[in-house]
Amino acid sequence: MGERKDVVTDERMDRYLDITARALAKIRIAAPEKSYNRRLADSFMEMAQCYYADAKHFRENGDLVTAFAAVNYAHAWLDCGARIGLFDVDGDDVLFTLFE
């Protein structure tokens, strides 16, 4: 029998935290320094980093459900920023959900 899909396990948390850590490490802000989009990109990155930190905190305290939700929120901010062009992800459509 395969892995249960309705349970947040330590292994599943490890996998999702790793994916998001690799995504955070890969992203480069694409928006020019003095542009409005740069402010948006910085804000998206801050949100992703905060949710990622929250995920690690909740996991360390044994709350895997909240940790799982937080890491998915973190990655969603990254995906959104990549998809709308705030972040340069070097065309990586494995770590990110790109438009084309």
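Predicted model: local features only at pLDDT ≥ 70, side-chain atom pairs only at ≥ 80, totals over all residues.
Figure 1. Lys 34 belongs to the loop that joins strand 1 (28-29) to helix 2. Phe 87 is 53 residues away from Lys 34 along the chain, and the C-alpha atoms of the two are separated by 15 Å.

**Figure 2. The whole chain.** The secondary structure consists of three helices and two strands, and the order of the elements from the N terminus is α-β-α-α-β. Along the principal axes, the C-alpha atoms fill a box of roughly 50 × 30 × 15 Å. The chain has 100 residues, of which 31% count as buried.

**Figure 3. Packing of helix 2 against helix 3.** Helix 2 covers residues 36-60 and helix 3 covers residues 64-83. Their axes lie 8 Å apart and form an angle of about 160°. Because this angle is over 145 degrees, helix 2 is roughly antiparallel to helix 3. The crossing of helix 2 past helix 3 is left-handed. On the side of helix 2, the contact is made by Phe 44, Met 45, Met 47, Ala 48, Tyr 51, Tyr 52, Asp 54, Ala 55, Phe 58 and Arg 59. Helix 3 contributes Leu 64, Thr 66, Ala 67, Ala 70, Val 71, Tyr 73, Ala 74, Trp 77, Leu 78, Cys 80 and Gly 81. By residue type, this contact of helix 2 with helix 3 comprises 17 nonpolar, two polar and two charged residues.

**Figure 4. Packing of helix 1 against helix 2.** The axes of helix 1 and helix 2 are 11 Å apart and meet at an angle of about 155°. The two helices are therefore roughly antiparallel to each other. Helix 1 passes helix 2 in a crossing that is left-handed. Asp 10, Met 13, Asp 14, Leu 17, Thr 20, Ala 21 and Leu 24 make the contact from helix 1. Their counterparts on helix 2 are Met 45, Ala 48, Gln 49, Tyr 52, Ala 55, Lys 56 and Arg 59. The residues of this contact of helix 1 with helix 2 are divided into eight nonpolar, two polar and four charged.

**Figure 5. Thr 20 and its surroundings.** Thr 20 is part of helix 1. With a relative accessibility of 2%, Thr 20 counts as buried. Beyond its neighbours within four places in sequence, Thr 20 is in contact with Tyr 52, Val 71, Ala 74, His 75 and Leu 78.

**Figure 6. The largest nonpolar core.** This core holds 23 residues. Ile 27, Leu 78, Phe 87 and Phe 96 touch the most other members. Helix 1 (10-26), helix 2 and helix 3 each supply at least two residues of the core. The most come from helix 3, which gives seven residues. Phe 96, with residues up to four places away in sequence not counted, touches Ala 23, Lys 26, Ile 27, Leu 78, Asp 79, Ala 82 and Val 89.

**Figure 7. Asp 90 and its backbone.** Asp 90 is found in the segment that follows strand 2 (87-88). Although Asp 90 is not a glycine, its phi is positive, at about 55°. Asp 90 is exposed, with 66% relative accessible area.

**Figure 8. Asn 72 in helix 3.** Helix 3 includes Asn 72. Asn 72 has 31% relative accessibility and counts as partly exposed. Tyr 52 is 20 residues from Asn 72 along the chain, with 8.5 Å between the C-alpha atoms of the two.

**Figure 9. Glu 60 in helix 2.** Glu 60 lies in helix 2, whose residues are 36-60. Its relative accessibility of 65% makes Glu 60 count as exposed. Glu 60 and Arg 15 are 45 residues apart in sequence, and their C-alpha atoms are 15 Å apart in space.

Technical notes
Residues numbered from 1 in each chain as written. Heavy atoms only, no water. Axes fitted to C-alpha atoms, helices over the stretch in contact; angles between N-to-C directions. Helix = DSSP H or I, 4+ residues; strand = E, 2+ residues; numbered from the N terminus. Parallel < 35°, antiparallel > 145°, perpendicular 65-115°, else oblique. Left-handed = near helix turned anticlockwise from the far one by under 90°. Contact = heavy atoms within 4.5 Å. Nonpolar A, V, L, I, M, F, W, Y, C, P; charged D, E, K, R; others polar. Core = buried A, V, L, I, M, F, W, Y, C linked by side-chain atoms within 4.5 Å. Buried < 20%, exposed > 50% of the residue type's maximum accessible area, 1.4 Å probe, protein only.
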